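I opened my notebook to look at one structure today. Come along and check each entry against the picture.

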Amino acid sequence: MTHTTRLAVPIFSETVDRLRESIFAAIDAGATLLELRLDLCAEISDDNVRTAVSNLPPNLLLLLTNRSSAQGGECPDDDIDRLSRMDRLAPWFDLIDVELETWRASERHRDLVRQALAEPGERPAQVEVHRRRRLVLSLHDFRGRPKSMQNDLLACADEPSCDIVKIAWHARSVRDCFEAFEIMRTCPKPAIAVCMGSLGVLSRMLAPKFGAFASFASLDRQTSTAPGQLAIRDLKRTYRWDALDASTAVFGVIGHPVSHSLSPAVHNAVFAETRTNAAYVPIDVAPGYESLKAFLLEVEAKPQAGFRGFSVTIPHKEHAIRFLRECGGAIDAIAERVGAVNTLAFDSDSGWRGTNTDYRGAVAAITAGLEKSSRHIGGLRALVLGAGGASRAVVAALVDLGADVTIANRTVERASGLAAEFGVQLMTWDRRAESSPGLIVNCTSVGMTPDTTATPWSGDGFAGNPLVFDTIYAPADTQLLRDARAAGCSTVGGSAMFSNQAAAQWEFWMGTSIDAGTYDQATAGAMAASVEPFGAPTDF
Ligand code: NAP
């Protein structure tokens, strides 16, 4: 069943020609509601606004907003002039947005709004379907959650003239989104609930699942009108806007930061390819165990939000295993062996489960590299650079495969702890180039985007023709890999580990196997898109 949530795009410009161009660009991109931001079109006359919004598709809803500076807009006029201009233009629109504060200001304010609602309309949609223009009563708080939110929402819902309730506030935590979901789901009138800022993106992405009246997106990444607003193309292509409905299962990547993660593009592409009713979102959870715990307890307390599983990345992998230990969740043998959890599954009946799929991804990538270079792992001298989360999974995998492992890390204390835990050797970071291993694995972040010419290994130090595996996947081809190839070495890039660990996550969540090629293809597609100017998600 398809959802009915409108995809709203704010439209504004300094000239009528550009306004018209933006309108058609938004329609082409898939907008089903256009919000004309009159306060951002100060140079355009009323006649030209009417021309710009004439003869548009009848099923497209047109919303008129003339936001005051007190409410985050740019209209310099006093309230009466501001509402009078809206009244003059209202017949060309289906909906008008008025702030609750303005509505409450005086009987004169309310009379002007009622007049704007009552005038005969030009638009077929309002005449045929609703018979009159509809009123959106809105509340905004750019600092945080409004203290009087519940009372104000009730006041909007109780107001007979109000057709749609809109609330937007600046999210202080990703948990604010759960409150927005409840408003969308349970408000007695159609509702728009937006958490602004990078911590609020879930409220925009998942609005159709909770039956919101609309969610706002920008025409492109440069023209957002509110913090955290996503581009329409990202919402539709990456976050599966058109496929969402009330029963969509929600998955996500928990980390801080998460905006660089390739996982949403990859998992969503596989959900689309396999026609799975699921969506995958980035979830920014502040550093520290307590932040992760608070988020996961919220997931547990609100099963109606539909969260079923998570990828876990920096800095929460070790927090995730601690959470499972504290709440009595099931930790599988691989996660126990690695000492970290990068994948969580949740079911309201059976509770939490955790595993580590980096281990399986590392085994697959190393095995592919060995086959490519016709080498055997037994007794192979492997040098692992780095002693963080990735290194932990790689070292466990190499030891289990039978390699002779040495770790070198910039911070020696971290390397010595890991070496002792897995019973492997240690080498100081400064002397790493003096060794001549048969396998070099980079588990540091040196060479990662944006510093793509950096390398953890000197360009002429490939004596003995080692196999070189770089776990970095952004960029796909690192300086280390380029140098190794130039020296005649076989190489394996991080995408092999990434796609295999992602496929293992699917299997852990869904309980069914998936063809490895499906994730290889999705990973290659997401990596190619991430270098396009408006490709995969890189910022919010
Ligand atoms: P992490 O826990 O933060 O560890 C980062 C490691 O990089 C530490 O060993 C750190 O050394 C080292 N490092 C950072 N800057 C350095 C510098 N300038 N010089 C020398 N060493 C430096 O991160 P992680 O989760 O292990 O991730 C590390 C890399 O693995 C990332 O590039 C990530 O993309 C990649 N990875 C790939 C996959 C995949 O599926 N392909 C999965 C997970 C991770 P110190 O201890 O001295 O700080």
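My entries below cover the ligand and its surroundings, then one lysine.

**Entry 1: the shell.** I noted at the start that this is a predicted model.

Entry 2: I went through the N and O atoms next. In the side chain of Asn 409, an N or O atom is 2.7 Å from an oxygen atom of the ligand. A polar backbone atom of Thr 471 lies 2.8 Å from a ligand nitrogen. For Phe 498 I again found a polar backbone atom, 3.4 Å from an oxygen atom of the ligand. Taken alone, the ligand would expose 920 Å², and the protein buries 81% of that.

**Entry 3: Lys 209.** I looked up this residue in the loop between helix H9 (201-205) and strand S8 (214-216). Is Lys 209 buried or exposed? I found it buried, yet without a salt bridge. Asp 245 has the nearest side chain of opposite charge, 6.4 Å away; a salt bridge needs the nitrogen and the carboxyl oxygen within 4 Å. What does the side chain of Lys 209 reach? I noted the backbone oxygen of Ala 246, at 2.8 Å.

Key:
Residues numbered from 1 in each chain as written. Predicted model: local features only at pLDDT ≥ 70, side-chain atom pairs only at ≥ 80, totals over all residues. Heavy atoms only, no water. Polar contact = N/O pair within 3.5 Å; in protein donor to acceptor, adjacent residues only side chain to side chain. Areas by Shrake-Rupley, 256 points an atom, 1.4 Å probe, with all protein chains shown as cover. Helix = DSSP H or I, 4+ residues; strand = E, 2+ residues; numbered from the N terminus. Buried < 20%, exposed > 50% of the residue type's maximum accessible area, 1.4 Å probe, protein only. Lys, Arg positive; Asp, Glu negative; His and termini not counted.
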